[in-house]
Amino acid sequence: CVLLNAAGRFKDPDAPPEKEPNAIIDAIATLIKRAVIQLSFIYTKQPARIEQVLRQVYPINANNVDEELVESIRYPSLDPNAAEVFYRVITKNGSGPQVYVDDLLQDLNGIPLMLCWGENDPWIRPAAADKIQALYPSSLRVSIDAGHCPHDEAPEDVNLAVRNFMSQLGN
């Protein structure tokens, strides 16, 4: 299994127990949250904003940020369901119960795992890889001099890391 700058929630051992929900307050909060996120989506899907964000997450090789990449991000935002997907990603409110990285790692049951990590990622920081390694000590971590998209920013390094990892599995 290979993870590239994997995202997800970790369990918080210090989290207080969940309070009994108040249906009225929750409904009002959801309406406000939806409105704010909807407005944010309208702004976020603009090509100039997409390019600005991409330049942040490609800190090593910003030359990869071109019109084609911007359009590949913008195009899915034109889908009628895109705003709902954006809302669910932002609120981490997919369908079904919350899934934690801790549980997913446990489900790997000892399967070899490589973390191929863009160490300059401004979103999924290296501390997330540190947590994964603490939870799955047999994992191998390969640091890549890249940002959030190491497979695009440093494809040769990622491909070499994956090839080396796969060849070790064959032994």
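## Helix α2 and its neighbours

Let's start with helix α2, whose buried residues pack against α1 (23-44), α3 (67-74) and α7 (150-153). Keep in mind that this is a predicted model. Helix α2 itself covers residues 47-57, and I50, V53, L54 and V57 are buried there. Those four cover an arc of only 100° around the axis, which puts them on the same side of α2.

Is N63 buried or exposed? With a relative accessibility of 70%, N63 counts as exposed. Now find E153: N63 and E153 are 90 residues apart in sequence, yet their C-alpha atoms are 9.0 Å apart in space.

## The whole protein

Time to zoom out. The protein has eight helices and three strands. Reading from the N terminus, the elements come in the order β-α-α-α-α-α-β-α-β-α-α. The C-alpha trace spans about 60 × 45 × 25 Å along its principal axes.

Of the 171 residues in the protein, 27% are buried. What about contacts between residues with a separation of 6 or more? Residues 24 or more positions apart account for 72% of those contacts.

## The sheet

The three strands form an open sheet with the order β1-β2-β3 and parallel pairing. Its edge strands are β1 (2-4) and β3, each of which pairs on one side only. On average, neighbouring strands of this sheet are turned by 15° against each other, ignoring direction. As background, strands of a sheet pair through backbone hydrogen bonds, either parallel or antiparallel.

Now zoom in on one pair. How many bridges join β1 and β2? There are three, and the two strands pair in the parallel sense. To see how they line up, find L4, which stands opposite C116 in β2. Helix α6 packs on the sheet, touching β2 and β3, and the direction of α6 makes about 170° with that of β2.

## Helix α6

Helix α6 runs through residues 126-135, and its buried residues are A128, A129 and I132. Looking down the axis of α6, you'd see its buried residues fall within an arc of 100°, so they line one face of the helix. What do these buried residues pack against? Their partners are α5, β2 (114-118) and β3 (140-144).

## Two residues to look up

First up is D102, in helix α5 (residues 101-107). D102 is buried yet has no salt bridge. The nearest side chain of opposite charge belongs to K11, and it is 5.9 Å away. A salt bridge would need the charged atoms within 4 Å. Leaving out residues up to four places away in sequence, D102 touches R9, F10, K11 and L135.

The other one is M166, which you'll find in helix α8 (residues 155-169). M166 counts as partly exposed because its relative accessibility is 49%, and the cut-off for exposed is over 50%. M166 and L113 are 53 residues apart in sequence and 10 Å apart in space, going from C-alpha to C-alpha.

Conventions: Residues numbered from 1 in each chain as written. Predicted model: local features only at pLDDT ≥ 70, side-chain atom pairs only at ≥ 80, totals over all residues. Heavy atoms only, no water. Buried < 20%, exposed > 50% of the residue type's maximum accessible area, 1.4 Å probe, protein only. Lys, Arg positive; Asp, Glu negative; His and termini not counted. Contact = heavy atoms within 4.5 Å. Arc of directions from axis to C-beta. Pairing = 2+ DSSP bridges. Axes fitted to C-alpha atoms, helices over the stretch in contact; angles between N-to-C directions.
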